[in-house]
Amino acid sequence: MRFHLIDRIESWTPREQITARKVTSVAEDCWRPTPAGPVLSFGLALEALCQSATWLMMLSTDYRLRAALLAVDEACAPRDVVPGDVLRTHAVVESMSDEAAVLAGLVTVGGETVLEASGILCSLMDAERLDDPADTALMGRQLLGKGAPR
Amino acid sequence: MTTMMLVPGFDRVVELVPGERAVAIRNIPATLPVFATHFARFPVLPGVLLLESMADLAKAALGDGHWRLRTVRGVRFRHFVGPGDQVEIRVEVTGRTDQTAQVRATARVEERVVATARGLALVAAEQPWEGTQ
């Protein structure tokens, strides 16, 4: 699967918070079968929140740093995500340096919490080590609704 | 009981003692589609997919019924896992009732611990599952 779990960034405040959105579709290949039908795995719901956090780190540092997940103190998924749900992720920075950040956050569907996580510890890495900076910046523009540069 | 049975998502089951523990191997070939985007310059298996493997093996270790991962506690990712690695996942059931189960999990690559989960809390899933109606 294409491992991008954020479709839009709706708002962000440098080094403070981000709200992002992911629409889900039955056409995606991320669904897990259950006796009652397909659901998004716990891990991918958590990943959507963590990817919001890494975009906040990248935007806050002008794409210089990106986050790698080191630890999660606790995460709870009170209900499942099903095809057609629209996820809204909201991550809040509790602390941040040039080496690491700690965040907490929520994933909601229609205002109902589907995942809540605390103590999300991320190592901040040189973003160029992971991806081409031009590609990352282009995707950032798309997520922010600015489209491709002309 | 050591068995040759398959657990979805794993390439080999080393040990499976229903209700108690399980050990299984998941190979990480470079052909996994996730490596195309995670990341282009430095392919690494997303930690959450290791967490999912732990949960999958936990469900197999519980042995019966349908289980849903509800809560994780104390999850640590200590080293990157990438193409060519063979990950050995061990889970141990630390508590269980009819409706809930607690499982501890560890992932190793060549004896090096790459990830741990102090607690996976699973709940018995009844049909229809919450959120799927």
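Predicted model: local features only at pLDDT ≥ 70, side-chain atom pairs only at ≥ 80, totals over all residues.
Biologist: How many salt bridges does the structure hold over all chains?

Modeller: Side chains of opposite charge can pair when their charged atoms come close. One such pair is A:Arg15 with A:Asp98, whose side chains meet in a salt bridge. Over all chains, the number of salt bridges in the structure is 19.

Biologist: How many residues apart in sequence are the parts that A:Arg15 and A:Asp98 tie together?

Modeller: The N to O distance in this salt bridge is 4.0 Å. A:Arg15 lies in the loop between strand E1 (8-13) and strand E2 (17-23) of chain A, and A:Asp98 lies in the loop between strand E6 (86-96) and strand E7 (100-109) of that chain, so the pair ties together parts whose separation in sequence is 83 residues.

Biologist: Are A:Asp131 and A:Arg66 buried or exposed?

Modeller: The side chains of A:Asp131 and A:Arg66 meet in a salt bridge of 3.4 Å, N to O. A:Asp131 is in the loop between strand E8 (112-126) and helix H2 (133-143) of chain A, whereas A:Arg66 is in strand E5, 65 residues apart. A relative accessible area under 20% counts as buried. A:Asp131 and A:Arg66 are both buried.

Biologist: Which element gives the most to the largest nonpolar core?

Modeller: The largest nonpolar core has 85 residues. Those that touch the most other members include A:Phe42, A:Met57 and A:Leu103, together with B:Met54 and B:Leu120 of chain B. The element that gives the most to this core, with 13 residues, is H1(A).

Biologist: With which residues is A:Met57 in contact, leaving aside its neighbours within four places in sequence?

Modeller: A:Met57 is among the residues that touch the most other members of the largest nonpolar core. Leaving aside its neighbours within four places in sequence, A:Met57 is in contact with A:Leu65, A:Ala67, A:Val93, A:Met96, A:Ala101, A:Leu103 and A:Leu124.

Methods:
Residues numbered from 1 in each chain as written. Chains lettered and ligands numbered in written order. Heavy atoms only, no water. Helix = DSSP H or I, 4+ residues; strand = E, 2+ residues; numbered from the N terminus. Buried < 20%, exposed > 50% of the residue type's maximum accessible area, 1.4 Å probe, protein only. Core = buried A, V, L, I, M, F, W, Y, C linked by side-chain atoms within 4.5 Å. Contact = heavy atoms within 4.5 Å.
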